[in-house]
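Hello,

Here is the structure I promised to pass on to you. Please open it first, and then read my notes below alongside it.

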Amino acid sequence: MTASKQAFQFPADATLRDKLAQLMFVRIGSNLPPVKTVEEDEARVAQLLTECPIGGLIVFNGSYAATPATLARLQAQSRYPLLVSSDLERGAGQQLRGYPLFPHAMAFDALGGGAGEAVFKFAELTGQTSRAAGVHITFGPVADVNSDPRNPIISTRAFAVDSTRAAELAAEFVRGCGAAGFLSTAKHFPGHGNTHEDSHHALPTVDATREEMTAREFPPFQSSIGAGVPLIMSAHVRYPALDPAGEAATLSKPILTDVLRGELGFQGAVVSDSLLMEGVKVGCANEGELALKAVNAGIDILLDVADPVGTLAALEAAVAAGKLSEARVDEALGRVLRLKNAAFNGQPAHAFDVAENRRLTESMALDIARRATVTPRNDGGLLPFKPERSLCAVLVNPFPLPSNAEAPPLGKMLAEKFPQVDYFELGAEPSDAELARIADLAAKADQLLAAFVVKPAAWHRFGLPPRLRDWLAGLMAKRPTVIACLGAPQGLDPLAEAPVQICTFSDVPVSQAALVERLLEA
């Protein structure tokens, strides 16, 4: 089903350099500037493999059509089998374009009693597809409890704001992945949900007491461990109650070794969050120093290493200087090798029908989106919209799309249902003239939809920019408006006076389709 090297055995006489290199995962492809597909990045990674026998890859910006062959070629060139990982919180399509996307995790919580079964099946389908494409590890589930509504980076990526519910659904995700022979990762330990800063550009601090964290943050990780999760990812966040020295969890032995392993009993591999993130770099002069602190703290896999050759040299020097013990290296290596044995030497993933998997994925993703679309307020008789009447619709999306991303399909979907539609998409900083023109058309249309995206996104401010929030409020003040938040439910709060409020918990295409359907429902 997937390109692999059978009967993998790491040589007993491997050099220290090879052992250390196995602890590093390097990205292939990028969704951030400069945007690069997996295929465009293949030559760089192939060259790196001749210089440094890295342990694995993290895939960004791949395609379902081309990336499996690219990964197979790199596996064939690598001295040791590569563990291939990716962020697949919303399904294989998140990083393998051309495959369907599921809504954000919090949409599952909105399902009510059937959420656990749905999460299990979603994870199983994702695992089947990903394994077949040559990916072995997903960096999910998000086991954070989104207890701070201001959280800019977790938000709807978390299953719930309630610890018990988050624990239930995180465990089902782990079990679903396991059913497909797919390796899951509970993140971000010991919990990133109670923050209001993004660790991509800052080092957040959680000031909760140990008792509060034990009651709220720990349960989803404990349930994931109980379900057999093979990896746990650390948070680039400070927790003074757990480590008075104030180190980020990624660099904290009290958190990773004493709490995670000693108190919670986790025996699997601990992987860092991306080492490219600014939050973890605080106080470290370079990547080599950062990697050394992380491994000594208890990190087994250094994720998203920017300079693997230089970092490898720094770690070798640290061992020679007595700053890193070979026993610690061997301990981390042993955990990496167990993952490789599970991925390459264990039982193959259960056989499945590729066409049926895609059909089920498409059907289930849309079903989840439909069931998760809620209408907290529905006054004034504005719904259902009438296709024969004119419609003005605006989508405010303050998050810039990567250059390779497809435009949101909402406009096309509305045009198919409403022959008389004026549709507009606004970025973070539209001109005054554009806003005035849209406002004028909105005043003349029979029906008005104001949709907007409020979602977690790295390196971007959470919520609507104040200027656009005020502009939307101005539209509402002049005429009855249907507003729809394609994302976090608290995005509706600043526009609470709207007579009709809809929340989809996500902006993925199926959630946009579910919104259009809701507009036409009585």
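A word to settle first: buried means under 20% relative accessible area, exposed means over 50%, and partly exposed covers what lies in between, with a 1.4 Å probe and protein chains only. Please also keep in mind that this is a predicted model, where local features need pLDDT of at least 70 and side-chain atom pairs count only at pLDDT 80 or more, while totals for chains, interfaces and linings use all residues. Residues are numbered from 1 along each chain as its sequence is written, and side-chain values use heavy atoms, with hydrogens and water left out.

The overall picture

The protein has 18 helices and 16 strands; these are DSSP runs numbered from the N terminus, with helices (H or I) of at least four residues and strands (E) of at least two. Its radius of gyration is 24 Å, close to the 24 Å that the globule rule gives for 522 residues, so the protein is as compact as a globular protein of that length. That radius is taken over C-alpha atoms, and the rule is 2.2 Å times the number of residues to the power 0.38. The C-alpha trace spans about 75 × 50 × 45 Å along the principal axes.

Of the 522 residues, 59% are buried. Contact means heavy atoms within 4.5 Å. Among contacts with a separation of 6 or more, 79% join residues 24 or more positions apart.

There are 47 positive and 59 negative side chains, and the centres of the two sets lie 2 Å apart. Lys and Arg count as positive, Asp and Glu as negative, and His and the chain ends are not counted. Each charge is placed at NZ of Lys, CZ of Arg, CG of Asp or CD of Glu.

Aromatic pairs

Rings of Phe, Tyr and Trp (its six-membered ring) pair if their centres lie within 6.5 Å; planes under 30 degrees apart are stacked, over 60 edge-to-face, and the rest tilted. The count by this rule is nine aromatic pairs. One of them is Phe 108 with Phe 159, an edge-to-face pair at 6.4 Å centre to centre and 75° between the planes. Phe 108 sits in helix H4 (residues 106-109) and Phe 159 in the loop between strand E6 (137-138) and helix H6 (163-179), so this pair ties together parts 51 residues apart in sequence. Phe 108 is buried at 0% relative accessibility, and Phe 159 is buried at 3%.

Next come Phe 189 and Phe 221, whose ring centres are 5.2 Å apart with planes at 90°, so they too form an edge-to-face pair. Phe 189 belongs to strand E7 (residues 185-189) and Phe 221 to helix H8 (residues 218-226), so parts 32 residues apart in sequence are tied together. Phe 102, Phe 108, Phe 122, Phe 159 and Phe 173 form one aromatic cluster.

Two residues to look at

Gln 22 is in the loop between helix H1 (16-21) and strand E1 (24-28), and it is buried, with a relative accessible area of 0%. Beyond its neighbours within four places in sequence, Gln 22 has contacts that include Phe 10, Tyr 80 and Lys 340.

Ser 511 lies in helix H18 (residues 509-519) and is also buried, at 0%. Leaving aside neighbours within four places, its contacts include Pro 103, Ala 369 and Leu 486.

Best wishes
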